[in-house]
Amino acid sequence: MKIYFAGSITGGRDDKDLYFEIIKKLKTFGTVLTEHIGDKTLGSYGEINLTEGNIFSRDIAWLTSADVIVAEVTTASLGVGYELGIAEGFKKKILCLYREQEGKKLSAMIGGNPAFMIKKYQTLDELDGIFSYFFFDNQSGE
Ligand code: 6IA
């Protein structure tokens, strides 16, 4: 099982510790292609040893090869939104994780898209049930 985890980089790194914990859980279900998203030393300037073009080509290749996409969408990110659109076009099984917060709202282009399984959560413990459902109980991803 190849898992593409998407999370904000230039959109803001406030949730980087959370991404790290999510990736740790996802690794029990398969190979996470994008482990660097949870790298606590990776700032909002991203990977400085690669050109933007290299990052784009590599990420599209990984998206193409991934079996499923899991995105943490609480911190709004242009890149994550773009990846989700591409993944939908590739007909991938997609899970979006969102923590509701006062004064913030998930984009309707994500929350209103029937192609995505949207799961709201507040604690990491809640993710165990969500992941079991996504990976084992729900074959269509919806
Ligand atoms: O718009 P964002 O940067 O927040 O988009 C984040 C998403 O796009 C992640 O899910 C990544 O898969 C991908 N991505 C965007 N930028 C990078 C990056 N460095 N390194 C790795 N993945 C990335 C950005 C460097 C750039 C500022 C020169």
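Contact, as the word is used in these legends, means heavy atoms within 4.5 Å. The structure is a predicted model, in which local features need pLDDT of at least 70 and side-chain atom pairs count only at pLDDT 80 or more, while totals for chains, interfaces and linings use all residues. Residues are numbered from 1 along each chain as its sequence is written, and side-chain values use heavy atoms, with hydrogens and water left out.

**View 1. Val70 and the nonpolar cores.** Leaving aside its neighbours within four places in sequence, Val70 is in contact with Ile3, Tyr4, Phe5, Ala6, Leu26, Leu95, Leu97, Phe131, Phe134 and Phe135. A nonpolar core is a set of buried Ala, Val, Leu, Ile, Met, Phe, Trp, Tyr and Cys residues joined through side-chain atoms within 4.5 Å, where buried means under 20% relative accessible area, exposed over 50%, and partly exposed in between, with a 1.4 Å probe and protein chains only. The largest such core has 23 residues, and those with the most contacts inside it are Phe5, Ile22, Leu26, Val70, Leu97, Phe131 and Phe135. Two or more residues of this core come from each of strand E1 (2-6), helix H1 (16-26), strand E3 (68-72), strand E4 (93-98) and helix H5 (126-137); helices (H or I, at least four residues) and strands (E, at least two) are DSSP runs, numbered from the N terminus. Apart from this core lies another, of 17 residues, among them Tyr4, Tyr98, Leu106 and Phe116.

View 2. Five strands form an open sheet with parallel pairing, in the order E2-E1-E3-E4-E5, and two strands pair if DSSP finds at least two bridges between them. Strand E2 (31-32) and strand E5 (117-120) stand at the edges with a single partner strand each, so one side of each is left without a neighbour in the sheet. E1 and E2 pair in the parallel sense over two bridges, and the bridge partner of Lys2 in E2 is Thr31. H1 lies across E1, E2, E3 and E4, running at about 170° to E1, whereas H5 lies across E1, E3, E4 and E5, running at about 165° to E4; the axes are lines fitted to C-alpha atoms, for helices over the stretch in contact, and angles run from 0 to 180 degrees between N-to-C directions.

View 3. Oxygen atoms of the ligand lie 2.7 Å from a polar side-chain atom of Ser77 and 2.6 Å from a polar side-chain atom of Glu83. A polar backbone atom of Gly11 is 3.0 Å from an oxygen atom of the ligand.

**View 4. Asn113 in its loop.** Asn113 is placed in the loop between helix H4 (108-111) and E5, and at 14% relative accessibility Asn113 counts as buried. The side chain of Asn113 makes a polar contact with the side chain of Glu88 (3.0 Å); a polar contact is a pair of N or O atoms within 3.5 Å, and within protein one must be able to donate a hydrogen and the other to accept it, while residues adjacent in sequence count only if both atoms are side-chain atoms. The side chain of Asn113 also reaches the backbone nitrogen of Ala115 at 2.8 Å.
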